[in-house]
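Please open the structure in the viewer and keep the selection panel at hand.

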Amino acid sequence: PRSVRLSEYRPPDYLIDQVDLDVVLDGDKTLVTSVLEIRPNPEGRSNVPLVLDGDEITLAGPPLLDNDELTPEAYVETPQALRIHMPPKRAFSLKITTKLDPAKNTKLMGLYRSGAAYCTQCEAEGFRRITYFIDRPDVLSTYRVRIEAGRKEAPVLLSNGNPVEAGLLPNGRHYAVWDDPWPKPCYLFALVGGDLGVVRDSFVTVSGRHVGLAIYVEHGKEDRASYAMDALKRSMKWDEDVFGREYDLQVFNIVAVSDFNMGAMENKGLNVFNDKYVLASGDTATDGDYAGIEAVIAHEYFHNWTGNRITCRDWFQLCLKEGLTVFRDQEFTADMRSRPVERISDVRGLRAIQFVEDAGPFAHPVRPDTYREINNFYTATVYEKGAEVIRMLQALIGRDAFRLGMEFYFSRHDGRAATIEEFIACFADASATDLSQFLLWYSQAGTPEVAATSSWDEDTGTYTLNLLQTVPKTPGQDIKKPMVIPLAFGLLGMDGEDLPIGGDNAESGLIVLNKAEHSFAFRGLNSRPVLSINRTFSAPVKLTTDLTENDLFFLARYDSDPFNRWQALQTAALRVLIRSVHAVRGGNRPLNDPRLAEAFASAIADPEIDPALLAQLLALPSETDIAREIGNDVDPDAIYAARIGLKRALARFVRGALADLYRGLVNDGPYSPDARAAGRRALRATALDLICAEQDDASAMLAFAHYSAANNMTDRMSGLAVLSGIDRPERDQAFADFYKRHKGDALVLDKWLSLQAVIPEAGTLDRVRRLMKHEAFSMANPNRVRALIGAFAASNPTQFNRADGAGFDFLADIVIDLDPKNPQVAARLLGAFRSWRALEPGRRGRAEFALKRIAATDKLSPDVSDLVIRALA
Ligand code: B3K
Ligand code: ZN
């Protein structure tokens, strides 16, 4: 596939002001008639052909220009385009009809069938699979959409905007007309027609406007939509309170479908969701699922302003809407739940996925400057690192200037397609700051590394902090410039209190490192302080310090920043784990550190720490965290052994306290998904996991009892997750019981598939193969594929990375098989190879072999071929 470059951006030659669509839903005879009001763009080239994009569509007849049929010489139709050679040099209308077969659309892009509904997905380039169009986000139009269908087959007919008309037609058919007054790019178009159940509610906006809310779900699932509705209303209120953003249509509709390539889509006034992010009940969803629903509902709703009212000029600017909207949904969750716990879990996610991406062959800047397939850039770097960049901006210029900058952004760019430069200019103006160096966060890939060293002069009471930053090489970027790195910090005195800080550029508790190297002196101190730096994870960097392990345990106990208390324990544990991995590879037993166990004990005994935070404090760094820290010559089996060894040793040391904790957290009351109750369940699950680290008979019994006593899915799953790692008869018994309970409920069985896929045992690959033949699995449904195969590839480090290469071969076969049917899902699976070069030589060779086999396959999609090319480059 050809590369698209940011530097080659040109405004469109034509604009489309108005789109009138008439969609007749009728199985394989579905017809889409589009009337476009087109005019030459004064900023584009003149006297050039009009080229409309297409993808796997054909015209049902010749196009009509101002109601006159075009002659065959006047246009040419290819699979990728409809070209009108000499369009008028004035405004004109163009009428096009295309014929579609939604049921045959297995790529789930464009118009397709999911269960009892026709639905659409257009971002990034799906609209061109419905009709010929100038499919780029800087062409904004108002839409009027008429949908016609059989009344029985599709009693519900939805599109963007406000409902304006509906009526009956002969032959059992009916129609509805929708009008969207807000100009939008075609990627925000949506249409749904089907037989669906509905839950309704309403919201009154801050200025008193009444908005009808509806969530459409599969019949019989209505009672599982109430939490999503509640989250929607809270999101609408929060965006008014915190960002002054009011909703702007008479209705807001959400449709849950079961076949969806990603999480959800923010189409104007008509969000389409993967049902996984809508449906929940205490019996079918875990606390984690509820949190995911709350976050995704909020995220898509927040796009109404950051993404829809103001959209992106081109797809290189994707982080303009995604990074900003992730930042907004993270802030929403922090306000709804616990801010420190939200921060810790966001940072865990960032490190587990984005840091890994940034350190491997798929590394790219937050704003990429070239792509072959845009769908491959909906990444953790664009989304999560993109959100971190916004967070740093807020830290640098302060909250008030940040809010003012957002106001500038909303007022200057409303109704337009913007760029990162335009966005950043709003904050430069609001804060009267030069943000040109800050823009490097958008263009330089790679995770910056900051090394902090210090010296202490007893005689003058001066503590000197030296900071050194380096940005590693990434594909295509060998030379990097120093970045602006905001580091929140504090100095702790001997009693654990924050010392008052003065001196160089650091009065506010924020150091701004903007050179490669810089020193900061703090004078007049009575004793050597302990440094707490990058508090709240104010910058997404890799930090190394000269803190001793005793310093870390001191911070774990006293730091006023809960994030850094957690970080201190993680760092201490990581140091032990890395030494331990070396020991294991040298044929020795895994290592332990009694001070870490004491730190665990004192955290458990600390009444100030709330359960959700304690659960985070007691969770060791993951296998991925350890692998990333080691960086090369990675042996996943040694990592596994080191980690389980440390877990066992810690659990033995605090056994009594854990047992008390576990018993004290029982809750017999009815299930409630609120954050407090969820925190208690999370801590109880963590305690269970530690107590059962021995994986012996007693562990199996306890985990089985936990599973059996559960009165909600969260507890049931935490029991089953622990059991899944213990090869005892109780495990099979529990898996069989779970299946019997939830047979027929595909979303719940996805959990059952995933847990089996991540068992760290040699038999797992065969189990996964067997499960692929199970009635609960289907290769045609993205959720099933991700639950079983995705979980195996991304979350089972020892078995995917089997030394014999069977895990890699398996994934290669799947990717090759799935690619022609659903390239987006196939490409996502390939993400599991994102750090293949960091593996030890044996595994590395086998991974390379599997990647080369994919690369050598005929007719790869742009999605998969782009990734294999980059993986092997
Ligand atoms: N904007 C969509 C993602 C579309 C992905 C296209 N391959 C969901 C979101 O980020 O809100
Ligand atoms: Zn988004």
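Helices and strands in this tour are DSSP runs, numbered from the N terminus. The model is a predicted one.

Begin with the domains. Colour domain 1 (4-195), domain 2 (311-443), domain 3 (454-535) and domain 4 (743-873) separately. The C-alpha centres of domain 1 and domain 4 are 35 Å apart.

Next, select residues 82-188, where UniProt, in an unreviewed entry, places the feature "domain: Aminopeptidase N-like N-terminal". This stretch is 0% helix and 52% strand, and its end C-alpha atoms are separated by 21 Å.

Then display A124, in the loop between β11 (117-121) and β12 (141-150). The peptide bond leading from E123 to A124 is cis, with omega near -5°.

Move on to T536, in the loop between β30 (530-533) and β31 (542-545). Phi of T536 is near 55°, a positive value in a residue other than glycine. Is T536 buried or partly exposed? T536 is partly exposed, because 18 other C-beta atoms lie within 10 Å, whereas a buried residue would have 20 or more.

Finish at Q695, in the loop between α16 (675-691) and α17 (697-709). Here too the residue is not glycine and phi is positive, near 55°. With 17 other C-beta atoms within 10 Å, Q695 is partly exposed.

How values were computed. Residues are numbered from 1 along each chain as its sequence is written. Chains are lettered from A and ligands numbered from 1 in the order in which they are written. This is a predicted model: local features need pLDDT of at least 70, side-chain atom pairs count only at pLDDT 80 or more; totals for chains, interfaces and linings use all residues. Domain bounds come from an automatic or database domain assignment. UniProt positions are given in the numbering used here, feature names are shortened, and annotations may be inferred rather than shown by experiment. Helices (H or I, at least four residues) and strands (E, at least two) are DSSP runs, numbered from the N terminus. A residue is buried if 20 or more other C-beta atoms lie within 10 Å of its own, exposed if 12 or fewer, and partly exposed in between; C-beta atoms are placed from the backbone.
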